[in-house]
Amino acid sequence: MSDLVVIAYNDMHKANEVRSMLMKLNKEYLLDLEDAVVPIKNEQGKVTLQQMYHLTAAGALAGGFWGLLIGLLFLNPILGLAIGAGAGAASGALTDMGVSDDFVKEIAANFKPGTSLLLVLFNKATHDKVLEELVGTGGKVIKTSLTHEDENILQHALNGCLAADGCKVDGEAASTEEPAVPVGAATPATPADSAPTARQEPTAAPV
């Protein structure tokens, strides 16, 4: 089953840059990429779409899936999923991937003038290699059909934090520093401090 990932960027160019990275991974057989669509909204609010394949050449399911999803998001999102009733398998695929009215509204809320989105549909991936390529590229994960844990790992990678480098899934980086001693707390004794001091006998005064 395919997975869907939607990432929002605060400029009009980053989504295309990241898509180029994904296409490179696809050529290296590290990512089985079905399609990657980049909607761009300019400062005047005009939306343009850039994708890897023409919808008619993407196969009945993929073409119908993208056609319906793009229609929902950018052509008439007010209608919600009601128009999907007669869309057959494509409508079912949207539902299976968690695409709902809330999904559409959340994407619309993040798609502002001067921004871009990256919508990725893929079958499988060599996760560690893909994350290494994407680390630090930025962006906000809007929606995915991944597990909650995998979605968190992806967002942290985009933020520049890889689990392999000591980052935790909850977003807290593992620290190698010694824990700070609270103010007012007793400082632990060192072996030299705790060793008993030898008793010195008083020296006799010279006669």
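How many salt bridges does the count come to in this structure? The count comes to three, where a salt bridge is a side-chain nitrogen of Lys or Arg within 4 Å of a carboxyl oxygen of Asp or Glu.

Colleagues, a word on the basis of these values. The model is predicted, so local features need pLDDT of at least 70 and side-chain atom pairs count only at pLDDT 80 or more, while totals for chains, interfaces and linings use all residues. Residues are numbered from 1 along each chain as its sequence is written, and side-chain values use heavy atoms, with hydrogens and water left out.

I begin with Lys14 and Glu17, whose side chains meet in a salt bridge at 3.4 Å, N to O. The two residues lie three apart in helix H1 (residues 14-27), and are therefore separated by about one helical turn. Helices here are DSSP runs of H or I with at least four residues, strands are runs of E with at least two, and both are numbered from the N terminus. Glu17 is partly exposed at 41% relative accessibility; that term lies between buried, under 20% relative accessible area, and exposed, over 50%, with a 1.4 Å probe and protein chains only.

Next, Lys24 and Glu28 form a salt bridge at 3.2 Å, N to O. Glu28 is partly exposed, its relative accessible area being 39%, and Lys24 is partly exposed at 39%.

Finally, Glu106 and Lys143 form a salt bridge, with the closest N and O atoms 3.6 Å apart. This pair links distant parts of the chain, 37 residues apart: Glu106 belongs to helix H4 (residues 101-110) and Lys143 to strand E5 (residues 140-144). Glu106 is partly exposed at 29%, and Lys143 is partly exposed at 28%.
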